[in-house]
Amino acid sequence: MTITSTSQWEFSSPQGKANYAAACRRYPGQIIVDLAALRDNMRRLVELTGGPDSGTAVMGVIKADAYGHGLIPTALAALAGGATWLGSAQTREALALRRAGIGPDRCRILVWMFNGGTAPLDELIEQDIDISAGSMAALEDIGRAAQACGRPARVHVEVDSGFGRNGFTEEGFGGLLARLSQLRDQGLVEPIGLWSHLAVADSPDTPAFVAATDQQIAAFARFSARMDSAGLHPQIRHLANTAATLTRPEIHFDLTRPGIGLYGYEADPAMGQPADYGLKPAMTLQAQLSMVKDIEEGHGISYGRTYLTPQATSTAIVPLGYADGIHRSASGFDRAGARHVDKPGGPVRVMTNAGPRICRVAGRVCMDQFVLDLQGKARDLGVAEGDTVVLFGPGRGAYQGEPTADDWARSADTISYEIFTCLRNRIPRLYLNAPAALPADDLAKLDPASIL
Ligand SMILES: *Cc1c(COP(=O)(O)O)cnc(C)c1O
């Protein structure tokens with residue numbers, strides 16, 4: 001047994017320890033989500049918007065299976081942290097929240113992506129889920145569904161203040177206002193909200209982007225004034241994502257919609273470290289080495305020979321690959337390899353008898369595995385098959401603890417959001433601090449086998 005074959009985790013019970021062992025047996029990689037961190041991040045976001053009595057509510061954005069953290073556990077942790085809204089893009093996730101027993105008495109839910117022709121708008125209305133309308137076709141579909149249900153739909157009008165994606169443009173807004181008034185007068189639609197989305201709020205140091213955000217805010221104010229003049233006074237105006245929640249208090253309005261901040265990351269590393277904002281990354285991705293061996297200098301590693309060992313070394317196999325959501329673009333090349341470029345691969349923390357060492361993906365990421373260059377002899381380092389290594393985690397200090405999803409994003413030329421959401425469900429997902437973070441009734445909503 002080596003130093004790393006024991007786990008670093010604190011289990012809440014003997015059953016938690018048994019669940020961990022069962023997950024390791026089932027699969028050689030695990031996602032561990034700290035529910036106390038999710039709750040505390042939400043508490044922090046609520047505090048940043050002025051607290052529970054400020055008049056600004058906070059929505060936990062839990063789209064895409066809560067950015068890969070698990071829909072229901074994350075939603076419950078967000079509520080424990082003071083969120084009074086949950087938001088998802090797809091209708092199935094909004095409905096899943098209600099099915100899990102998260103009723104309208106506990107929180108409002110907003111959903112903003114659907115094809116009105118086939119979407120279950122009737123179920124959304126019956127489940128008291130707020131629906132975004134960003135086009136006339138969507139509004140008509142919502143009106144029809146409300147008529148069929150015999151009760152009004154709660155609608156948030158989405159406007160395109162400059163993002164260039166969904167929502168009404170200023171040109172098309174007059175028609176919307178006229179039709180919305182009719183549907184309201186017919187008792188089919190309650191115009192609850194007005195909202196828009198920001199394109200570059202995560203670049204507070206880039207003057208052109210600050211100006212673009214200012215223009216979006218001005219456009220939003222024009223939409224808002226037009227809605228008021230039409231007598232459609234929306235109760236809830238919302239514009240701020242995480243970046244604006246952290247850096248633009250003047251546009252918190254009635255509701256903010258942080259996503260990435262809930263998961264403990266800032267929207268862009270250029271904004272600083274999560275800790276600068278009092279946030280802590282909640283997810284750790286770890287794996288158990290499936291093979292360790294010595295290899296001579298100049299040995300090609302993986303498909304395409306893009307990495308040739310610069311010296312005699314040991315390599316280790318991490319049994320996660322692109323079929324698990326490890327980006328192939330996080331492959332590592334060296335100048336001696338077929339590409340003749342130095343491109344550091346994704347970072348992995350390996351515990352050695354000389355302390356933690358950051359090793360890099362060597363060569364191409366494969367479907368189910370990738371190779372690490374240990375930069376030394378495994379025997380000398382005390383590294384062996386079965387050792388647990390960490391791909392990313394809370395990242396206490398620059399690599400002193402472990403890499404973060406931002407480090408993987410840099411290696412893969414993407415953003416942390418994509419690092420989380422690409423992880424596949426074949427990797428067991430386990431929850432740390434669940435009994436501490438959730439009330440007993442909520443704890444009972446989790447898969448008992450997932451609680452550490
Ligand atoms: C994803 C999303 C958010 C959250 O964005 P973050 O950058 O993760 O805070 C907010 N609003 C909408 C409409 C979104 O799609």
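User: At which residues does UniProt place the feature "active site"?

Analyst: The model is predicted, so local features need pLDDT of at least 70 and side-chain atom pairs count only at pLDDT 80 or more, while totals for chains, interfaces and linings use all residues. Residues are numbered from 1 along each chain as its sequence is written, and side-chain values use heavy atoms, with hydrogens and water left out. UniProt positions follow the numbering used here, feature names are shortened, and annotations may be inferred rather than shown by experiment. The unreviewed UniProt entry places "active site" at K63 and Y303.

User: Is Y303 buried or exposed?

Analyst: Buried means under 20% relative accessible area, exposed over 50%, and partly exposed in between (1.4 Å probe, protein chains only). Y303 lies in the loop between β11 (291-295) and β12 (313-318), where helices (H or I, at least four residues) and strands (E, at least two) are DSSP runs numbered from the N terminus. Its relative accessibility is 61%, so Y303 counts as exposed.

User: Which residues is K63 in contact with, leaving aside its neighbours within four places in sequence?

Analyst: K63 lies in helix α3 (residues 63-67) and is partly exposed at 27% relative accessible area. Contact means heavy atoms within 4.5 Å. With those sequence neighbours left aside, the contacts of K63 are G87, S88, A89, E93 and W112.

User: Which residue meets D65 in a salt bridge?

Analyst: A salt bridge is a side-chain nitrogen of Lys or Arg within 4 Å of a carboxyl oxygen of Asp or Glu, and the count by this rule is 24. The bridge to D65 has an N to O distance of 3.1 Å. It links helix α3 to strand β17 (residues 429-432), so parts 364 residues apart in sequence are tied together. The partner of D65 is R429.

User: What separates D141 and R144 in helix α7?

Analyst: Their side chains meet in a salt bridge at 2.7 Å, N to O. D141 counts as buried because its relative accessibility is 15%, whereas R144 counts as exposed at 52%. Both lie in helix α7 (residues 136-149), and because they are 3 residues apart, the separation is about one helical turn.

User: What area is buried between domain 1 and domain 2?

Analyst: The bounds, 35-265 for domain 1 and 283-427 for domain 2, come from an automatic or database domain assignment. The contact takes 7 residues from domain 1 and 11 residues from domain 2, and the count of salt bridges between them is 0. Buried area is the accessible area (1.4 Å probe) that two parts lose on being put together, summed over both. Carbon and sulfur atoms give 67% of the area buried here, which is about 740 Å².
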